[in-house]
Amino acid sequence: MNKKNIVLRPPIKTKYAYEKLRCCNKCHNYTALQEENCSICGKSALLPMLEVAKRAAKRSMGNDLLLTLLLTLLSIIFSPTLQWVIISAITGAVLLVVFVIVHRIALPSRTSIELSKIFVRDRDRIAEGLLRNLDTAVAQENEARSYELMREIAAIIHDDHIRKLQIILLQSLKLRKDMELELEPLLVKDFDPELADYIGELAKIKRELIKDHTFQYVIKYEAKISVMEHGDDILTGVAGAAVRMKRYVLAYADFISRHARKLPKDRFLRLYRIVMENPNLNWGALKAETVRVYEEKYQWDADFQQIKSRSNIHDV
Ligand SMILES: [Zn+2]
């Protein structure tokens with residue numbers, strides 16, 4: 001397959017996923033993309049969700065103030081004597097000041113209450129907006145831009161359909177080590193050969209992205225991956241990524257033992273060192289397999305001698 005040489009831009013980072021969402025103040029359309037004007041009404045009225053919630057919070061608190069003001073006026077009007085007028089006016093004024101202070105303190109918590117209300121109330125509108133966003137992302141001519149837009153949407157909705165689209169787009173690009181790539185958020189529930197290929201590619205250029213969930217995914221579908229065209233390379237690459245940490249070697253010992261023989265020398269050296277330097281841990285079949293591969297392929301290799309002598313000292 002001819003892969004395109006287009007660089008991916010790093011994702012826009014926000015603390016919370018909802019911060020990616022904006023709402024049009026004019027037509028109530030939601031969007032997760034970074035467009036300047038609303039794609040429905042064309043107005044530049046897109047507000048961040050937090051701003052929308054803050055406005056709603058201020059509005060509902062403003063109603064409380066109006067009510068207090070109204071009650072104060074009524075009690076002044078219906079006061080029988082001048083003394084009552086003064087008492088009502090002072091009470092009203094004090095109440096207003098207290099309300100203003102309390103509201104100022106309560107604004108952040110009222111805002112988050114409004115925010116969750118909006119999410120419940122506008123569920124369908126938000127979903128509609130995100131579907132429109134997805135259409136926009138798919139319609140991009142450039143695969144990298146399309147992927148970038150999808151990544152924004154995927155931060156809000158976690159859905160295998162979108163993940164699969166993202167993986168297909170990623171697989172059409174020439175991936176590079178310096179790109180900000182992701183893996184765990186893209187893991188789908190069922191077996192996906194494109195995803196397996198992507199994992200194999202990351203095992204070569206960015207093995208630090210391969211973590212527990214990926215190991216578990218690969219082990220679950222090991223049989224299916226092994227019959228793929230480059231299935232063995234993928235499995236060996238993932239086993240090579242697992243020898244990164246002692247914890248992974250221990251947790252996925254059986255899987256690694258099935259692929260230890262095909263590991264490149266530097267990865268096998270690492271595995272050999274971990275297993276030999278921790279003779280008391282329960283390696284299961286991995287220990288015997290590591291020794292077997294060592295004796296067959298690396299017994300006379302100078303890089304291995306150092307480790308051997310050190311482990312002998314441990315054994316004594
Ligand atoms: Zn609009």
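Predicted model: local features only at pLDDT ≥ 70, side-chain atom pairs only at ≥ 80, totals over all residues.
Which side chain meets that of Asp-178 in a salt bridge? It is the side chain of Arg-176, with an N to O distance of 2.8 Å, where a salt bridge is taken as a side-chain nitrogen of Lys or Arg within 4 Å of a carboxyl oxygen of Asp or Glu.

Residues are numbered from 1 along each chain as its sequence is written, and side-chain values use heavy atoms, with hydrogens and water left out.

Now to the domains, whose bounds come from an automatic or database domain assignment. Domain 1 covers 1–65 + 104–176, and domain 2 covers 177–315; their C-alpha centres lie 38 Å apart. Domain 1 brings 20 residues to the contact and domain 2 brings 19 residues, contact meaning heavy atoms within 4.5 Å.

The area buried between the two domains is about 1,800 Å², with 56% given by carbon and sulfur atoms; buried area here is the accessible area, for a 1.4 Å probe, that two parts lose on being put together, summed over both. On the domain 1 side, Ile-167, Leu-175 and Arg-176 lose the most area to domain 2, together 37% of what that side buries.

Between domain 1 and domain 2 the count is four salt bridges. Helix H4 (143–154) and helix H5 (160–171) each supply at least two residues of the domain 1 side that touches domain 2, and H5 gives the largest share, eight residues. Helices here are DSSP runs of H or I with at least four residues, strands are runs of E with at least two, and both are numbered from the N terminus.

Where else do we find a salt bridge, this time for Glu-180? The side chain of Glu-180 meets that of Lys-13 at 2.7 Å, N to O. This pair links distant parts of the chain, 167 residues apart, with Glu-180 in the loop between H5 and helix H6 (193–205) and Lys-13 in the segment before strand E1 (22–24).
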